[in-house]
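Some labels given to a structure rest on cut-offs. The questions below ask what stands behind each label.

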Amino acid sequence: MSQESSSGTAADTPSQAPSASPRAIRKLSARRRPEVVAVLLFSGGPIFESSIPLSVFGIDRQDAGVPRYRLLVCAGEEGALRTTGGLELTAPYGLEALARAGTVVVPTWRSISQAPPPEALEAIRRAHEEGARIIGLCTGAFVLAAAGLLDGRPATTHWMYAPTLAKRYPSVHVDPRELFVDDGDVLTSAGTAAGIDLCLHVVRTDHGTDAAAALARRLVVPPRRADWQTGQRHMDRSLPEEIGADPLAEVVAWALEHLHEQFDVEALAARAYMSRRTFDRRFRSLTGSAPLQWLITQRVLQAQRLLETSDYSVDEVAGRCGFRSPVALRGHFRRQLGSSPASYRAAYRARRPQDDGDRAGSAPEVPAARRGGASGPGGPGGPGNGAGHGSVHAHGNGHGGAGGHGGGHGAGAGAGTGVGPGSGTGIAQGGGPGGGPGGGPSGGPQVLAAPLKGDPDAYTASARVPEQSGRSDPAEAATRGRLRAGRGLGAALPGPRDRP
């Protein structure tokens with residue numbers, strides 16, 4: 001099973017926000033050691049996800065300032081463990097080794113449509129009851145949910161499988177927008193490479209920022225990813241595969257094709273020939289999300305695409321996505337993606353300055369220099385070669401300075417003009433020794449200088465770079481947990497039906 005990362009990309013700071021309902025973490029059993037990490041592997045899991053905790057916790061990097069963990073690789077079932085490309089793995093330990101671990105990591109699960117082995121689920125439950133920290137990477141969240149450890153908790157998984165997780169386990173508060181979720185003694189990550197981010201977060205929690213930064217340098221990854229803070233989150237608008245054969249599928253397809261129109265859930269219920277109450281119940285049973293939440297999310301995703309691919313104003317984007325006003329778009333956009341529409345577009349374009357083919361490789365056009373209001377004498381021209389180019393500094397529209405000394409002979413008049421109301425730069429030209437004062441604007445090219453701070457309209461040669469959202473907070477948060485329990489967003493942001 002190949003799975004894409006919810007990448008991109010963000011700091012882990014959002015996932016460390018204080019939980020709305022802090023949980024009391026059980027005291028670790030005496031037979032368990034906090035530095036012991038057990039990685040639970042199953043046959044059929046992809047090798048990339050399986051290898052993440054092995055690399056993070058299984059290699060001695062004390063020379064780089066990374067404290068050492070003791071790794072136990074455990075088989076979650078009998079027989080050979082087959083993985084990507086037909087490889088077979090042999091785990092040195094079985095389920096009994098989980099009894100010694102202070103942390104248990106389930107890096108992946110082979111199929112979201114299959115139930116994990118009961119023996120493995122029981123071993124995970126026992127570890128949690130004895131105070132062990134339980135971590136599910138990517139589809140490993142399905143194993144934690146099957147064990148009942150995610151009931152009533154916030155969690156995340158690969159965005160492609162988030163709606164299925166929300167539908168199958170309605171008591172789990174699935175938020176596919178998060179890179180990872182730390183709920184104290186139970187942690188989950190989004191898809192594939194997000195597992196690295198969560199493992200770095202665990203090291204940071206256990207041993208501090210310096211240790212996590214040293215490990216990140218060795219792994220050649222950023223200690224914290226910033227794209228999640230600037231709205232570059234991976235989401236999709238499709239629905240779980242199970243809805244394909246349901247009568248509601250036609251209504252959903254119509255809604256996705258008419259997002260530019262203003263309609264509400266009542267209209268969708270009428271198209272399905274159902275009462276609003278029946279429609280809400282059927283829709284939630286199929287997707288794990290309320291229809292109103294799903295519809296708002298689809299409009300936000302459509303707005304996200306238009307902000308990325310068009311030059312429509314925010315007001316126009318709101319109208320083309322079915323929002324009644326730009327204010328409504330801004331509010332929902334910020335709640336869904338963590339930034340305003342304008343900030344999202346600016347950050348997106350700043351990251352992709354060469355995306356537009358007509359802009360690629362073209363030099364910015366430099367407008368002609370403005371003339372200032374005050375007059376003043378030009379300064380002397382510097383020595384030049386040939387045609388005798390030299391720079392002058394003038395205040396306002398002063399006379400050009402003396403021509404530069406160049407080869408040849410003849411009286412070259414200094415010709416330059418100041419730029420802007422403050423000091424600027426002109427060009428003095430002469431064919432030989434400099435002559436008298438210049439008479440008017442320079443005949444040669446002009447070099448623009450920075451205007452004085454007092455003139456807000458003065459031209460500057462620097463490119464305009466949109467502001468981006470700030471990076472993660474400087475201090476490490478003591479509390480952890482990302483709880484969006486009240487949103488019930490589970491199936492709002494599903495993935496495509498085909499494999500990534």
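This is a predicted model: local features need pLDDT of at least 70, side-chain atom pairs count only at pLDDT 80 or more; totals for chains, interfaces and linings use all residues.

Q: What makes the pair R133 and D206 a salt bridge?
A: The closest N and O atoms of R133 and D206 are 2.9 Å apart. The cut-off for a salt bridge is within 4 Å, so the pair of R133 and D206 at 2.9 Å qualifies. This pair links distant parts of the chain, with R133 in strand β6 (residues 133-136) and D206 in helix α5 (residues 194-207), 73 residues apart.

Q: Why is R133 called buried?
A: R133 has a relative accessibility of 14%. Buried means under 20%, so R133 at 14% is buried.

Q: Why is the contact between E35 and R33 called a salt bridge?
A: The closest N and O atoms of E35 and R33 are 3.8 Å apart. The limit is within 4 Å, so 3.8 Å meets it. E35 is partly exposed, with a relative accessible area of 33%, and R33 is also partly exposed, with 45%.

Q: What makes R82 and E88 partly exposed?
A: R82 has a relative accessible area of 48%, and E88 has 48% as well. Exposed would need over 50% and buried under 20%, so both residues fall in between. The side chains of R82 and E88 meet in a salt bridge of 3.2 Å, N to O.

Q: How many salt bridges does the structure hold?
A: There are 16.

Q: How do you know that the length of helix α2 agrees with its number of residues?
A: Helix α2 (residues 118-129) has 12 residues, which at 1.5 Å a residue should span 16 Å. The end C-alpha atoms of α2 are 16 Å apart, so the two values agree.

Q: Why are the buried residues of α2 said to lie on the same side?
A: The buried residues of α2 are A120, L121, A123, I124, A127 and H128. They cover an arc of only 160° around the axis, and therefore lie on the same side of α2. In an α-helix there are 3.6 residues a turn, so residues three or four places apart point the same way.

Q: What covers the buried residues of α2, and which exposed residues are on the face turned away?
A: The cover includes β1 (33-41), β5 (101-106), β6, α3 (140-146) and β10 (186-189). The face turned away from the buried side carries the exposed residues P118, E119 and E129.

Definitions and conventions: Residues are numbered from 1 along each chain as its sequence is written. Side-chain values use heavy atoms; hydrogens and water are left out. Buried means under 20% relative accessible area, exposed over 50%, partly exposed in between (1.4 Å probe, protein chains only). Helices (H or I, at least four residues) and strands (E, at least two) are DSSP runs, numbered from the N terminus. The expected span of a helix is 1.5 Å times one less than its number of residues. The arc is that of the directions from the helix axis to the C-beta atoms. Contact means heavy atoms within 4.5 Å.
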